[in-house]
Amino acid sequence: MEDANGCRWETSIELENPPAISVNAGPNVTIFYGDSTRLEADITPSSGNYTITWTPSDSLSCTSCPQPLATPDSTVTYHVLVTDENGCTATDEVTVFIKFKPDVYIPNSFSPNGDNINDIFMIYAGDRIDKILELEIYSRWGESVFYVANFLPNDPQYGWNGMHRGKPAVLDVYAYFAIVLYKDGKQKLFKGD
């Protein structure tokens, strides 16, 4: 170094690099529609003064905490940015996949014996279903043994109790066809035996 009078001197200064930081957002996660999952920013080194930013902010309980609760409506990749007091940054991402619960469940057997356990063959459905447009059940010879239309699912009043022409139907395999209307206006045919 040199001052205004031309005098020179030397000195040594050792600058220490701050420790490198890293963040791990963990493995990808699959949850059912409507459920939540806890995200976690695992920061190394664990001690320090960090600023945390999660994006996108939609469906997160907080965007600046290390463990926000995520409740997305569809599959989302969340990014986490960690900044230390020196301005050093680290990033990672985690994807939360959304899986829909089965919309419609139609059992493949029932026991209409009057014991109030599994006595009615009926259609069960989740909240994405508007109504059942038709349910028809046929014998193995193609005879219609039960028919009902335009009803809400999950209602035993609209299920088959195993009676045909006023008598218990023969123990056998029967085929069913059901047309289901979703709340978005789409229709889907379900069939089975």
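Here is a tour of salt bridges, aromatic rings, a disulfide and one threonine.

First, some ground rules. This is a predicted model, where local features need pLDDT of at least 70, side-chain atom pairs count only at pLDDT 80 or more, and totals for chains, interfaces and linings use all residues. Residues are numbered from 1 along each chain as its sequence is written, and side-chain values use heavy atoms, with hydrogens and water left out.

**Salt bridges**

How many salt bridges does the structure hold? There are 3 of them. The term stands for a side-chain nitrogen of Lys or Arg within 4 Å of a carboxyl oxygen of Asp or Glu.

| Pair | N to O distance |
|---|---|
| R128 and D103 | 3.1 Å |
| R140 and D172 | 2.6 Å |
| E143 and R165 | 2.5 Å |

Now let's see where the partners sit. Strands are DSSP runs of E with at least two residues, numbered from the N terminus. To sort residues by surface, we use relative accessible area: buried is under 20%, exposed is over 50%, and partly exposed is in between (1.4 Å probe, protein chains only).

Start with R128 and D103, whose salt bridge joins distant parts of the chain, 25 residues apart. R128 is in the loop between β10 (124–125) and β11 (129–138), while D103 is in the loop between β8 (89–99) and β9 (104–105). R128 is partly exposed at 32%, whereas D103 is buried at 16%.

Next come R140 and D172, also joined by a salt bridge. This pair links distant parts too: R140 is in the loop between β11 and β12, D172 is in the loop between β14 and β15, and 32 residues separate them. R140 counts as exposed with 54%, and D172 is partly exposed with 28%.

That leaves the salt bridge of E143 and R165. E143 is in the loop between β11 and β12, and R165 is in the loop between β13 and β14, 22 residues apart. E143 is partly exposed at 30%, but R165 is exposed at 68%.

**Aromatic rings**

Rings of Phe, Tyr and Trp (its six-membered ring) pair if their centres lie within 6.5 Å; planes under 30 degrees apart are stacked, over 60 edge-to-face, and the rest tilted. That rule gives 8 aromatic pairs. Why is the pair of W160 and Y174 edge-to-face? Because their planes are at 75 degrees, with the ring centres 5.2 Å apart. W160 lies in the loop between β12 (144–151) and β13 (163–164), and Y174 in the loop between β14 (167–168) and β15 (175–182), so the pair ties together parts that are 14 residues apart in sequence. Both W160 and Y174 are buried. Ring pairs also link W160 and Y174 into a cluster with F110, F121, F146 and Y176.

**The disulfide**

A disulfide is a covalent bond between the sulfur atoms of two cysteines. Counting cysteine sulfur atoms within 2.5 Å as a disulfide, you get 1 in this model. The partners are C62 and C65, with their sulfur atoms 1.7 Å apart. Their link is left-handed, at -140 degrees about the S-S bond. C62 is partly exposed, at 23%.

**A threonine and its neighbours**

Finally, look at T37 in strand β3 (residues 37–38). Is T37 buried or exposed? With 12% relative accessibility, T37 is buried. Leaving out residues up to four places away in sequence, T37 touches V29, I31, P68, L69, A70 and V96, where contact means heavy atoms within 4.5 Å.

Notes: Helices (H or I, at least four residues) and strands (E, at least two) are DSSP runs, numbered from the N terminus.
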